[in-house]
Amino acid sequence: MSGAINDATSPSALSDKSAKIFVAGHCGLVGSAIVRKLQALGFTNLVLRGHAELDLTRQNDVESFFAVEKPQFVILAAAKVGGIHANNTYPADFIAVNLQIQTNVIDASYRFGVKKLLFLGSSCIYPKFAPQPIPESALLTGPLEPTNEWYAIAKIAGIKMCQAYRIQYNWDAISGMPTNLYGPHDNFHPENSHVLPALMRRFHEAKVKGAKEVVVWGSGSPLREFLHVDDLADGVVFLMESYSGLEHVNVGSGKEVTIKELAELVKEVVGFEGELVWDSSKPDGTPRKLMDSSKLAGLGWTPKISLKDGLVDTYKWYLENVKQ
């Protein structure tokens with residue numbers, strides 16, 4: 001599956017700064033970063049709709065939007081996301097909402113003449129015990145991590161939908177699979193958030209209250225990879241300009257830390273001086289998850305933001321924007 005398979009457009013898709021680009025999910029962590037990046041690059045014709053203006057789970061609404069707006073390019077960053085607790089509690093939402101969004105946007109994009117679409121998935125698409133680092137070829141080679149399989153199945157379906165439309169219609173739909181993301185506009189909800197923002201909020205609240213300790217789920221031993229969302233946005237623009245292929249592309253940092261190391265780093269950035277206690281009776285999730293991003297590096301892209309610098313940036317945003 002080389003990058004040259006089924007080229008349907010010129011690889012340099014975003015050469016026109018006035019091109020109409022629909023960023024689906026522009027209010028979220030990923031979408032907002034992509035909008036910031038495109039605006040910084042001088043793109044002047046971004047089409048943005050919040051959930052109140054356009055419900056992407058409603059097929060008729062999505063088709064009406066595409067019929068009127070007729071965007072030339074689509075970046076599909078809209079999704080229902082959450083951590084282990086949220087996936088365990090709301091499995092129906094995670095599979096149904098994501099399938100609806102993807103199906104509606106991908107199909108309407110093709111039928112209303114979009115030149116190129118980029119679908120964003122997640123590293124959770126890979127088997128629980130995939131080889132490490134995880135290459136793109138590991139997809140569908142083993143069982144998924146049970147704690148987020150509902151979300152993962154939806155995202156796998158999105159990849160396959162993009163591939164199917166490329167094969168059947170010679171249409172330029174590509175997929176990028178980011179690793180664990182963090183940064184401005186992340187979800188800092190106390191229960192329905194991912195590990196990094198959850199840690200940041202808990203350490204901050206403990207610091208404010210003068211608490212003596214913070215208890216964290218699990219053993220702290222799982223290995224994780226994190227990518228600042230501004231790096232992802234840069235990678236997304238790179239893929240839109242430089243990649244047109246059947247296979248999805250991993251977008252990762254190539255660096256991994258244990259959850260324990262991450263917690264200690266967040267604790268340092270936040271300035272919490274109490275104790276860190278691990279509750280090993282709670283689940284850890286996947287033991288190790290590092291993506292092999294050598295395909296993307298081979299195309300000419302690598303990330304630039306260190307974890308420490310990214311955490312400092314994220315905590316600054318948290319202090320300025322999250323209601324205390």
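Let's start in helix H4. Asp107 and Arg111 meet there through their side chains, in a salt bridge with 2.7 Å from N to O. Keep in mind that this is a predicted model. The two residues sit 4 apart in helix H4, residues 91-111, so about one helical turn separates them. Asp107 has a relative accessible area of 17%. The cut-off for buried is under 20%, so Asp107 counts as buried. Arg111 comes out at 43%, which makes this residue partly exposed.

That pair is local. Glu256 forms a salt bridge with Arg288, and the closest N and O atoms are 2.5 Å apart. This one links distant parts of the chain. Glu256 belongs to strand E10, residues 256-258. Arg288 belongs to strand E12, residues 288-289.

One more of them, then. Glu69 pairs with Lys20, with 3.1 Å between the closest N and O atoms. Glu69 is in helix H2, residues 59-69, and Lys20 is in the segment before strand E1, residues 21-24, so the bridge ties together parts 49 residues apart in sequence. Buried or exposed, Glu69 and Lys20? Both are buried.

Salt bridges with shared partners join Lys20, Glu69 and Arg49 into one network. Please look at those three on the structure. That's it from me.

Definitions and conventions
Residues are numbered from 1 along each chain as its sequence is written. This is a predicted model: local features need pLDDT of at least 70, side-chain atom pairs count only at pLDDT 80 or more; totals for chains, interfaces and linings use all residues. Side-chain values use heavy atoms; hydrogens and water are left out. A salt bridge is a side-chain nitrogen of Lys or Arg within 4 Å of a carboxyl oxygen of Asp or Glu. Buried means under 20% relative accessible area, exposed over 50%, partly exposed in between (1.4 Å probe, protein chains only).
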